[in-house]
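I opened this entry to note what I looked up, in the order I looked it up.

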Amino acid sequence: MELPRLSFGIGDRFGQEGEAQLAAFVALAQDGVVVTPVWNKSNREHRLCGTHPAAVRAEADAAVAALRWPHGRFVDADHVGLATVEPFLASSDFFTIDVADAIGREVSDADAQSFAERHAEQGGGLRVPGLPEPLRADRDAALRSARKSLAAVREAGRVFRCIAAHKGENGFVAEVSMDETDAPQTPIELWFVLRGLAEEGVRVQTIAPRFSGAFHKGVDYAGDPSRFEAEFEADTRIVQHASRVLGLPRTLKLSVHSGSDKFALYPRIQAVLARTSAGVHVKTAGTTWLEELIGLAEAGGDGLAICRDLWCDALARIDELCAPYATVVAIDRARLPSNETVARWDGPRFARALRHDSRCPDYDRGLRQLLHVSFKLAAEMGQRFHDALRSHRADVARNVTHNLLERHLRPLFGALR
Ligand SMILES: [Zn+2]
């Protein structure tokens with residue numbers, strides 16, 4: 001199975017927005033740009049929502065049938081490892097093999113030395129087409145990379161072989177993710193990781209490094225966008241070179257995680273794709289759930305009441321809700337609006353606080369981030385929340401589609417006809 005050049009990951013916590021999400025891809029295809037939708041859900045999200053991987057497959061199939069989507073689509077077992085992959089094997093055709101935890105794990109000195117022996121460049125420099133200077137890829141560089149990443153590479157090999165034993169080597173798309181870690185990978189480290197993956201026989205089609213700067217959930221990039229652009233281009237050129245010379249799949253490309261709402265980066269990414277003809281996978285997850293809330297707020301009545309109740313619970317349980325996401329949210333608690341304040345808001349005011357429009361004076365990034373990690377509360381609400389999504393379908397769907405199309409897909413891919 002081959003992952004096309006342009007793909008975009010979408011998450012749907014409660015499984016009701018498949019058609020509204022796909023409608024954005026349909027509109028973009030009508031503009032002349034086909035982007036492959038990939039429905040993703042991690043084990044962590046399934047656990048917090050009380051759902052099963054088979055439901056994501058059913059939702060994707062139903063949306064594709066309803067809108068007669070003629071292009072490809074995938075269902076991604078997001079951030080899985082050996083311990084969590086099993087329930088995804090039947091229903092997923094895309095697996096994000098997460099080895100971030102193994103980064104920095106010790107390997108034996110003999111192992112690291114022999115990796116460096118095999119993979120250091122003759123003469124010490126690596127020339128990559130499109131990069132002005134050769135990269136330093138001598139024995140020392142290879143050894144440093146091995147000490148940092150070789151355990152992660154080996155782990156990726158184990159998980160890949162486990163999945164391949166069930167689905168066949170070419171029966172699924174493999175992504176390798178190393179983004180949920182503190183230290184960014186340099187382009188040369190990415191190169192040595194790819195050499196290691198090639199040696200392990202991992203048919204990797206997309207790889208998610210940790211880029212520099214902050215990729216917090218649901219809010220814009222924090223960092224220098226021009227520095228990101230240079231880094232993203234160097235990584236893109238490395239990946240293109242690796243796919244040509246290391247025997248890795250020709251479809252190999254970068255993946256950008258926590259990719260929703262990174263508005264400062266989309267024109268940069270698009271410019272690099274245009275310059276290099278490379279592809280990309282951009283993964284988002286929680287942005288659709290926030291649009292559900294915006295739709296419910298705009299609907300008013302019981303929809304708005306649900307939003308206020310969720311806010312009340314979220315403030316009361318903030319520690320518990322933020323704990324699983326400690327590295328990917330940054331909330332200034334002292335500035336969060338109180339219960340009393342939010343109880344006075346009407347629907348449009350609540351929607352303005354939540355909607356990601358940084359030019360709007362009512363936009364509140366703390367409220368947005370806290371609600372981003374609060375979907376568990378809606379899961380606990382159960383029937384009441386699901387019924388509200390159904391009775392306010394038009395308000396919710398309008399926001400879900402608009403957010404993906406106008407704030408994400410068009411800014412990222414619109415000019416790549
Ligand atoms: Zn991720």
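The notes below go from the model itself to domains, barrel and helix pairs.

**Model.** I am working with a predicted model, in which local features need pLDDT of at least 70, side-chain atom pairs count only at pLDDT 80 or more, and totals for chains, interfaces and linings use all residues. I number residues from 1 along each chain as its sequence is written.

**Domains.** I looked up how the chain is divided and found domain 1 (6-287 + 405-413) and domain 2 (289-397); such bounds come from an automatic or database domain assignment. Taken over C-alpha atoms, the centres of domain 1 and domain 2 are separated by 29 Å. Their contact takes 18 residues from domain 1 and 22 residues from domain 2, where contact means that the C-beta atoms of two residues, placed from the backbone, lie within 7 Å. On the side of domain 1 that touches domain 2, helix α2 (residues 43-49) gives the most, with 3 residues. I sorted that side of domain 1 by class and got 5 nonpolar, 7 polar and 6 charged residues. Here Ala, Val, Leu, Ile, Met, Phe, Trp, Tyr, Cys and Pro count as nonpolar, Asp, Glu, Lys and Arg as charged, and the others, Gly among them, as polar.

**Barrel.** Next I traced the strands and found a closed barrel of 8, running β1-β2-β3-β4-β7-β8-β9-β10 with parallel pairing. From one strand to the next the twist averages 25°. Helices (H or I, at least four residues) and strands (E, at least two) are DSSP runs, numbered from the N terminus, and two strands pair if DSSP finds at least two bridges between them. I then checked strand β1 (residues 6-10) against strand β10 (residues 280-283): 4 bridges join them, and they run parallel. Leu6 stands opposite Val280 in β10.

**α5 and α6.** The axes of helix α5 (residues 139-167) and helix α6 (residues 187-200) come within 9 Å and cross at roughly 45°. Axes are lines fitted to C-alpha atoms, for helices over the stretch in contact, and angles run from 0 to 180 degrees between N-to-C directions. The angle makes α5 oblique to α6; under 35 degrees counts as roughly parallel, over 145 as roughly antiparallel, 65 to 115 as roughly perpendicular and the rest as oblique. I noted a right-handed crossing of α5 past α6, meaning that the near helix is turned clockwise from the far one, while anticlockwise by less than a right angle is left-handed. Contact residues include Ala141, Leu150 and Val153 of α5 and Ile188, Phe192 and Leu197 of α6. The contact of α5 with α6 divides into 9 nonpolar, 4 polar and 4 charged residues.

**α1 and α3.** Helix α1 (residues 18-31) and helix α3 (residues 53-66) have axes that come within 9 Å and cross at roughly 55°. That makes α1 oblique to α3. I recorded the crossing of α1 and α3 as right-handed. Gly18, Glu19 and Leu22 of α1 make the contact with α3 residues, among them Glu59, Ala60 and Val64. I counted 6 nonpolar, 1 polar and 2 charged residues in the contact of α1 with α3.

**α7 and α8.** My last pair was helix α7 (residues 225-245) and helix α8 (residues 266-276), whose axes come within 9 Å and cross at roughly 35°. The crossing of α7 and α8 is right-handed.
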